[in-house]
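Please walk through the structure shown below, beginning with the ligand and its surroundings and then turning to contacts between side chains.

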Amino acid sequence: MFPTVLIVWQLTTVALVYAGAHRIDSGALQPGGLVAFLGYLLQTSMSVMMVLFLFMHVPRAEAGAERVREVLDTRSSLTPPAHPVRILPGPGRLELDGVGFRYPGAEESVLHDVGLVARPGETTAVVGSTGSGKSTLLGLVPRLFDATDGEVLVDGVDVRELDPRLRARTVGLVPQKPYLFSGTVATNLRYGKPDATDEELWHALEVAQAADFVRDLDEGLDAPVSQGGANFSGGQRQRLAIARVLVARPRLYLFDDSFSALDPGTDARLRTALRAETADATVVIVAQRVSTIRHADRIVVLDRGRTVGTGTHTSLMRDNATYREIVLSQLTEEEAA
Ligand SMILES: Nc1ncnc2c1ncn2[C@@H]1O[C@H](COP(=O)(O)OP(=O)(O)OP(=O)(O)O)[C@@H](O)[C@H]1O
Ligand SMILES: [Mg+2]
């Protein structure tokens with residue numbers, strides 16, 4: 001339709017100018033009359049085009065509105081607590097008791113009867129091979145999904161009973177694939193604490209070993225971040241995500257493989273700074289690298305969704321075949337390198 005209207009308009013213009021020129025020549029028409037007529041023609045064809053636009057856009061808008069409505073109408077699969085607990089009764093002790101989990105629509109459970117206790121002031125590490133359910137386990141704490149069996153307790157309160165705002169303030173998760181929002185470095189860092197001062201942001205960046213590269217950016221804290229943090233490297237994104245959680249100062253820190261993209265030196269410096277920063281908090285670290293977790297107060301070994309051992313590095317090395325296997329596989333790798 002659109003090209004047709006344009007062609008009709010152009011051809012009419014040519015015909016008008018042709019016929020008009022002859023009439024002007026013979027004195028029957030003033031040049032101004034012809035110009036005015038061309039103006040009218042332009043206005044009418046514009047109106048026709050507007051109507052066409054409308055016809056083109058209405059179905060598109062309808063389809064778009066339908067999708068927006070679908071999103072707005074979606075009910076959360078997590079039921080809000082009937083009597084939410086608004087104040088945490090303790091310092092933030094995390095306990096998983098007989099937790100099982102099956103993804104919706106999946107045939108098999110990912111977690112079976114997992115038990116774990118993480119105490120404030122201690123670092124608890126979770127190790128296990130790829131796909132053993134470590135990220136799934138951490139996701140149960142901030143209720144990314146709810147456990148199908150058993151309970152996830154913070155200070156003895158089931159996370160399902162916690163007031164959502166209290167839960168958000170208590171649990172700080174650094175996901176395995178950290179996501180940065182479009183905006184600036186500062187808006188990303190203030191995500192969990194909108195009224196944080198610049199000093200607090202810089203302090204968090206120092207601890208997360210991110211201060212150096214943020215200082216090197218031309219605009220510093222106001223440097224733009226594109227959707228998903230695409231203008232930062234994987235390691236930089238990880239460190240900004242760690243700083244974001246540090247700014248919020250939760251009681252419970254959950255780091256899901258958050259040190260994997262860092263070189264060993266930065267990794268060690270970050271963990272030293274982190275230990276001082278999170279001295280009173282409950283820290284749970286998921287890591288592949290044994291060097292990252294060997295000094296943890298407690299190490300939980302996960303194998304295909306089951307806890308197969310809990311203890312310190314030394315005791316697990318002595319008693320736990322799965323743990324020994326993980327450690328030895330990495331030792332030989334490093335030695336080979
Ligand atoms: N959204 C999902 N839907 C269905 N199954 C999933 C989903 N996410 C993970 N799984 C399955 O759950 C299992 C555990 O995944 P999970 O991400 O918890 O492993 P992981 O221990 O964190 O592994 P990695 O060390 O690679 O990060 C995997 O077998 C995976 O196929
Ligand atoms: Mg994972």
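**Ligand contacts and side-chain pairs**

A polar side-chain atom of Q176 is placed 2.7 Å from an oxygen atom of ligand 1. Taken alone, ligand 1 exposes 630 Å², and 58% of that is buried by the protein. The model is a predicted one, and the distances here are computed from it.

Two further polar approaches can be followed around the ligand. A polar backbone atom of G133 is 3.0 Å from an oxygen atom of ligand 1. On the side of a ligand nitrogen, an N or O atom in the side chain of Y103 is 3.3 Å away. The residues surrounding ligand 1 also include V110, K134 and Q288, as well as S129, T130 and G131. By class, this shell divides into 2 nonpolar, 9 polar and 1 charged residues.

Y103 leads on to the aromatic residues, as it forms one aromatic cluster with F101 and F145. The count of aromatic pairs comes to 8. Elsewhere, a charge meets a ring: R244 lies over the face of Y191, 5.8 Å from the ring centre.

The salt bridges number 16. One of them joins the side chains of R190 and D198, with an N to O distance of 2.7 Å. R190 counts as partly exposed because its relative accessibility is 21%, and D198 is partly exposed at 39%. Another salt bridge links R215 to E206 at 2.8 Å, N to O. Here R215 has a relative accessible area of 46% and is therefore partly exposed; E206, at 41%, is partly exposed. The side chains of E277 and R249 also meet in a salt bridge, at 2.6 Å from N to O.

Key:
Residues numbered from 1 in each chain as written. Chains lettered and ligands numbered in written order. Predicted model: local features only at pLDDT ≥ 70, side-chain atom pairs only at ≥ 80, totals over all residues. Heavy atoms only, no water. Near = heavy atom within 4 Å. Polar contact = N/O pair within 3.5 Å; in protein donor to acceptor, adjacent residues only side chain to side chain. Areas by Shrake-Rupley, 256 points an atom, 1.4 Å probe, with all protein chains shown as cover. Nonpolar A, V, L, I, M, F, W, Y, C, P; charged D, E, K, R; others polar. Phe/Tyr/Trp six-rings, centres within 6.5 Å; stacked < 30°, edge-to-face > 60°. Lys NZ or Arg CZ within 6 Å of the ring centre and 35° of its normal. Salt bridge = Lys/Arg side-chain N within 4 Å of Asp/Glu carboxyl O. Buried < 20%, exposed > 50% of the residue type's maximum accessible area, 1.4 Å probe, protein only.
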